[in-house]
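Colleague: I'd like to learn how to read strand pairing and backbone angles in a model. Could you walk me through it?

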Amino acid sequence: MSGGNALSKNNAVNNPSHPAAGRGNALISLRSVYKNYETPSGSFPALKDINLDVNPGEFIAIVGKSGSGKSTLINVLTGIDSPSSGEVHVASMAVRGLNQEQLAVWRGKNIGVIFQFFQLLPTLTIAENVMLPMDFCNTYPARERRERALYLLNKVGIAEQADKLPADLSGGQQQRAAIARSLANDPPILVADEPTGNLDSQATDSVMEFFEDLAQEGKTVVMVTHERDLSQYFTKTITLSDGKVVSSSLLKDGGGLE
Ligand SMILES: Nc1ncnc2c1ncn2[C@@H]1O[C@H](COP(=O)(O)OP(=O)(O)OP(=O)(O)O)[C@@H](O)[C@H]1O
């Protein structure tokens, strides 16, 4: 599934004046971020003093034990949840400043989200699923959306599945369709929560190679994973423990594209 081509005009790397070019070089920037959950037994600190910068073209793994705060971190940086305190800037935007409706459109344009269980709508065809983010954000003229969906499905290697329903595809094919959907609006950032958790090793490799290609083309990919043997793909690993970043290791050159 490798061998992607130039993603588009609307790319933060190809176009430094693109709004997603970020504050300084960082596309994602978290400063002194805390997240407390209010529970019947009191306030539970799920994130503690998180400081993080992610540059265009980085392929970041977020790792840590169950309960360490990975999903909370992803939710805060995608604006699905707001921090209790601290600043989150993503693609030049202070996420805190947006209302729910603005946030949904902003997220649809700037962040492609990929889930462990694909979350394709079962009654829509694969092409229709890929068109949904374009329909929601009105990013491409209606007459161009199917053509773009087919282009993206071709890019992930499943163009011939375009008019099937999700249930007719294998898990690996469904995840490719979900990746195509995440690219629909050509967002600068992809966030993937355990995207290979439900795939066999062959499908895992092919999804990881595809993410790697996307990062090399300038997309920023942030991925939560439990799988230890994928480190060859990442440019950086961020380890969380009890809501804190306990290590941040640069694995290879990548990202920091200027
Ligand atoms: N809505 C909530 N209310 C109260 N506590 C929560 C809530 N969501 C998460 N937590 C707690 O916050 C901590 C971090 O949870 P989070 O889901 O971010 O961890 P995680 O690292 O993603 O775990 P996993 O790998 O199991 O998905 C956990 O102790 C969890 O129990």
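Predicted model: local features only at pLDDT ≥ 70, side-chain atom pairs only at ≥ 80, totals over all residues.

Colleague: In what order do the strands of the open sheet run?

Modeller: First the terms: strands (E, at least two residues) and helices (H or I, at least four residues) are DSSP runs, numbered from the N terminus. Two strands pair if DSSP finds at least two bridges between them. Here, 6 strands form an open sheet in the order S6-S7-S8-S3-S9-S10, with mixed pairing. Strand S6 (111-114) and strand S10 (244-250) are the edge strands, each pairing on one side only.

Colleague: In which sense do S3 and S9 pair?

Modeller: Strand S3 (residues 59-63) pairs with strand S9 (residues 236-241) in the parallel sense, over 4 bridges. Within this pair, Ala61 stands opposite Thr237 in S9.

Colleague: Where is Asn138, and why does it count as partly exposed?

Modeller: A residue is buried if 20 or more other C-beta atoms, placed from the backbone, lie within 10 Å of its own, exposed if 12 or fewer, and partly exposed in between. Asn138 sits in the loop between helix H3 (126-137) and helix H4 (142-155), and counts as partly exposed because it has 13 C-beta neighbours inside 10 Å. Its phi is positive, about 55°, although Asn138 is not a glycine.

Colleague: And is Asp186 buried or exposed?

Modeller: Asp186 has 21 C-beta neighbours inside 10 Å, so it counts as buried. Asp186 lies in the loop between helix H5 (171-182) and strand S7 (189-193), and has a positive phi of about 50° without being a glycine.

Key:
Residues numbered from 1 in each chain as written.
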